[in-house]
Amino acid sequence: MNFIYINQNILDNLFYILVSILIYYILLDHGKRLSQYGKTLITACMSIPIILCMKFPIYIDEYCVHDLRQIPFIIGTLYGGWPVGAALLVIILTFRFAFYGFNLLTLTVYIVIFIITALFSSKFKNFNRKNKLNSSVLLILFLGILTSFISIVMSDYFRITEAYVFYFIILPPFIIVLALYIIEILKDAIIIRTQMVRLEKMEVVSQLAASISHEVRNPLTVVKGFVQLLKAPDLTQEVREQYIQHVVRELNSAESIISEYLAFAKPALEKVENILINREIGYVIEMIKPLANMNLVTISNQLAPAITRGNIQHFKQCFLNLIKNGIEAMPNGGELNIVSYVNNFDIIIEISDNGVGMNKEQINRFGEPYYSSKEKGTGLGSMVAVKTIQTMNGTLHLTSALNKGTTISITLPVYQEDHSGK
């Protein structure tokens, strides 16, 4: 032979097929609405490589031009069933006759491929990955041999060459195995991703349940302290009324917490308002004093007047968690010191104790759910505190040493009201 035939378009054909498969699963995974039209989507995605393969074929020899259009045609029919296969058959024949003119042999060959593949597709869908790969190889080999025999019978000009055997009989099984393996991997990835999302939702539910019990325990602990104080026989009626008011207020707080978590599934806009730091932290200190007295802990405070913005209920819950942690860090009693001051445009709040302290790992993992240095702790109180401070555009810094104590430094932005009238 005195001529050279270029068949570099084989890689282009393979590229069209693989990219179309990737595009299909990307759209299927991320397009929630598109996933409802799976058959239409696979028809569109498989028709693109069919057209491109015919437009840029593989030149085998001077008498034969071949391409890999049958690969996406078979894949679409196997996964989409006969409706997808019928649509792809119409597309193949339409563009084939538009590009190269009508040919009875082409019409016969692709009708045969469609019928056999469509009949096989119902069983194919129930196979596992290994059986799908093996059966697809046998199917495409059978179709290659069968259509070659039909071509020999119907055409006097058709001949089988070594190049034809390689490109039409040997190569397609390798390509379809590669394509189907990628499809199965992508399908598994989507399934695993869906399962992971479901597990994450279950974990959120678990954290929510644990967090509710943890957050409600705080006001109930305060109630328990005041109820114990009410047992004292020498209480005046005025003091007794004050204790009862504290009990009612904390029960209302517990009810509010439960209501907020019940609204978690349908969250509303969070109420943001001015927070007077010294007043709200002072209120938290009064709430927590019975627990401090029970643990022989003295609370001292020096709070400067300052205003920030946020949700008051979340703010109080945050500092109730942090102060309670400080008290529980001193099982043998001690002193808890709370200081706040304004530094330029920041409010600095420091909570210091002289308790058991924390090691480096405990410091680094502070705020992680389900991690706590306490024997029966869940870590959710610290997690809620850290999250609340972050929501308020603040920061939390922790310094600690074993058996020397811990200092938590919280920085929050100062809120300055704009008094300039407009």
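Student: How do helix α8 and helix α9 pack, at what angle and how far apart?
Tutor: Helix α8 (residues 277-294) and helix α9 (residues 312-328) pack at about 45°, and their axes are 9 Å apart. Axes here are lines fitted to C-alpha atoms, for helices over the stretch in contact, and angles run from 0 to 180 degrees between N-to-C directions. Helices (H or I, at least four residues) and strands (E, at least two) are DSSP runs, numbered from the N terminus.

Student: What does that make α8 relative to α9?
Tutor: That angle makes α8 oblique to α9. Angles under 35 degrees count as roughly parallel, over 145 as roughly antiparallel, 65 to 115 as roughly perpendicular, and the rest as oblique.

Student: Which residues meet there?
Tutor: From α8, I277, E280, I281, Y283, V284, I285, M287, I288, L291 and A292 meet α9's I312, F315, K316, F319, L320, I323, K324 and I327. Contact means heavy atoms within 4.5 Å. By class, this contact has 15 nonpolar, no polar and 3 charged residues. Ala, Val, Leu, Ile, Met, Phe, Trp, Tyr, Cys and Pro count as nonpolar, Asp, Glu, Lys and Arg as charged, and the others, Gly among them, as polar.

Student: Wait, where does this model come from?
Tutor: This is a predicted model, where local features need pLDDT of at least 70 and side-chain atom pairs count only at pLDDT 80 or more, while totals for chains, interfaces and linings use all residues. Residues are numbered from 1 along each chain as its sequence is written, and side-chain values use heavy atoms, with hydrogens and water left out.

Student: What pLDDT does the chain average?
Tutor: The protein chain averages 81, and 83% of the residues score at least 70. pLDDT is the predictor's confidence in each residue, from 0 to 100.

Student: Where does it stay under 50?
Tutor: Residues 1-6 stay under 50, and the model has 6 contacts for them beyond four places in sequence. Over residues 263-269 the pLDDT is also below 50, with 2 contacts in the model beyond near neighbours in sequence. Where pLDDT is low, the predicted coordinates should not be read in detail.

Student: OK, sheets. In what order do the 5 strands of the open sheet run?
Tutor: The order is β4-β6-β7-β9-β8, with mixed pairing. Two strands pair if DSSP finds at least two bridges between them. β4 (297-303) and β8 stand at the edges with a single partner strand each, so one side of each has no neighbour in the sheet.

Student: How many bridges join β6 to β7?
Tutor: There are 8 bridges between strand β6 (residues 334-343) and strand β7 (residues 346-353), which run antiparallel. V339 stands opposite E350 in β7.

Student: And how many for β8 and β9?
Tutor: Strand β8 (residues 395-401) and strand β9 (residues 405-413) pair over 7 bridges, in the antiparallel sense. L398 stands opposite I408 in β9. Their hairpin has 3 residues between the strands, and N403 takes a positive phi near 65°.

Student: Which strands does α9 lie across?
Tutor: α9 lies across β4, β6, β7, β8 and β9, running at about 30° to β7. α8 lies across β4, β6, β7 and β9, at about 175° to β4.

Student: Last one: how do α3 and helix α4 pack?
Tutor: α3 and helix α4 (residues 104-124) pack at about 165°, with axes 9 Å apart. That makes α3 roughly antiparallel to α4.
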